[in-house]
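Here's a quick briefing to read with the structure open beside you. Have a look at the fold below, and then we'll walk through it topic by topic.

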Amino acid sequence: MISRNRTLSLICRQTYVDVVGGGLLYQLGTFSFDSLRMMENYLRVINPAHRACIRSVQLSVTLTYVSPIIPTKIFQILSPGSLPSLQSLQLILHVEEWSTLGPFGLGRTYAIDDKLVERLKKGNWEAIRGN
C-alpha cells in the first residue's frame, strides 16, 4: 500500500512540475481579469519566469463618468518588457451610462463616442506588440 501511495505522490508531483513549474499552465491558458488593479497585482506576485510565459490575456475595463478614458497604465503592464510572450490580448470595454442635466433637462451621455472609436482604430497598438 505504501508503494502505491508513493507512486501516486510522485505522479502528482511530476504533473505539477510539468504543468506549473514548466510554464505550461501559463502558455496555454487565457488569463482573465475583471480590473486593471487585479491584473497588476497578480502579475506583480507571480514568479517572473511564469509571467514571461503568459501568451493570452483578457482584460475588462469599465469607463465611467469619473474615469472616462482607458488608463495608459494598461500599456505599461502589457508591454513586451513585462509580458514578452504575449500573443493575444482581448480588451473588453464596459461603458457605463450616466445621466446629465443639459439645457433641455435630464439626458443620457455615454463615455464613448465616434471620435474615441476612431482613435482606437488608429491607435498605436504596435507599442504593445513591441514593433
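Let's start with charges: Glu40, Arg44 and Lys73 are tied together in a network of salt bridges. Keep in mind that this is a predicted model. From there we'll move to the sheet, the nonpolar core, the aromatic rings and one serine in a strand.

**Salt bridges**

- Searching the whole structure turns up two salt bridges, and Glu40 takes part in the one with Arg44 as well as in the one with Lys73.
- In the Glu40–Lys73 bridge, N and O are 3.0 Å apart.
- That pair connects distant parts of the chain, since Glu40 sits in helix α3 and Lys73 in helix α5, 33 residues apart.
- For Arg44 and Glu40, the closest N and O atoms are 4.0 Å apart, and a salt bridge is counted within 4 Å.
- Arg44 and Glu40 share helix α3, where they are four residues apart, or about one turn of the helix.
- How exposed is each partner? Arg44 has a relative accessibility of 55%, so it counts as exposed.
- Glu40, at 21%, counts as partly exposed, because buried means under 20%.
- Lys73 also counts as partly exposed, with 37% relative accessibility.
- As background, side chains of opposite charge can pair when their charged atoms come close.

**The sheet**

- Three strands make an open sheet in the order β1-β2-β3, and they pair in parallel.
- Which strands stand at the edges? They are β1 and β3 (88–95); each has a single partner strand, so one side of each lacks a neighbour in the sheet.
- On average, neighbouring strands of this sheet are turned by 15° against each other, ignoring direction.
- The parallel strands β1 and β2 are joined by four bridges.
- Helix α3 packs on the sheet and touches both β1 and β2, with its direction at about 130° to that of β1.

**Phe31 in β1**

- Phe31 belongs to strand β1, and its bridge partner in β2 is Val57.
- With a relative accessible area of 14%, Phe31 is buried.
- Leaving out residues up to four places away in sequence, Phe31 touches Leu25, Tyr26, Tyr42, Ile54, Ser56, Val57 and Gln58.
- Phe31 and Arg55 are 24 residues apart in sequence, yet their C-alpha atoms are 8.7 Å apart in space.

**The nonpolar core**

- The largest nonpolar core has 19 residues, and Met39, Leu43, Ile54, Val57, Ile74, Leu78 and Leu83 are the ones that touch the most other members.
- At least two residues of this core come from each of β1 (30–33), α3 (36–45), β2 (56–63) and α5 (73–77).
- Which element gives the largest share? It's β2, with four residues.
- Leu43 touches Arg51, Ile54, Ile77 and Leu83, once residues up to four places away in sequence are set aside.
- The general background is that nonpolar side chains tend to be buried together in soluble globular proteins.

**Aromatic rings**

- Across the whole structure there are three aromatic pairs.
- One of them is Phe33 with Tyr42: the ring centres are 5.8 Å apart and the planes are at 45°, so this pair is tilted.
- Why tilted? Planes under 30 degrees apart count as stacked and over 60 as edge-to-face, so an angle of 45° for Phe33 and Tyr42 falls among the rest.
- Ring pairs bring Tyr26, Phe31, Phe33 and Tyr42 together in a cluster.

**Ser60 in β2**

- Ser60 lies in strand β2.
- This serine is buried: Ser60 has a relative accessible area of 13%.
- What does Ser60 contact, apart from its neighbours within four places in sequence? The partners are Phe33, Asp34, Ser35, Ile92 and His94.

Notes:
Residues numbered from 1 in each chain as written. Predicted model: local features only at pLDDT ≥ 70, side-chain atom pairs only at ≥ 80, totals over all residues. Heavy atoms only, no water. Phe/Tyr/Trp six-rings, centres within 6.5 Å; stacked < 30°, edge-to-face > 60°. Core = buried A, V, L, I, M, F, W, Y, C linked by side-chain atoms within 4.5 Å. Buried < 20%, exposed > 50% of the residue type's maximum accessible area, 1.4 Å probe, protein only. Contact = heavy atoms within 4.5 Å. Pairing = 2+ DSSP bridges. Axes fitted to C-alpha atoms, helices over the stretch in contact; angles between N-to-C directions. Salt bridge = Lys/Arg side-chain N within 4 Å of Asp/Glu carboxyl O.
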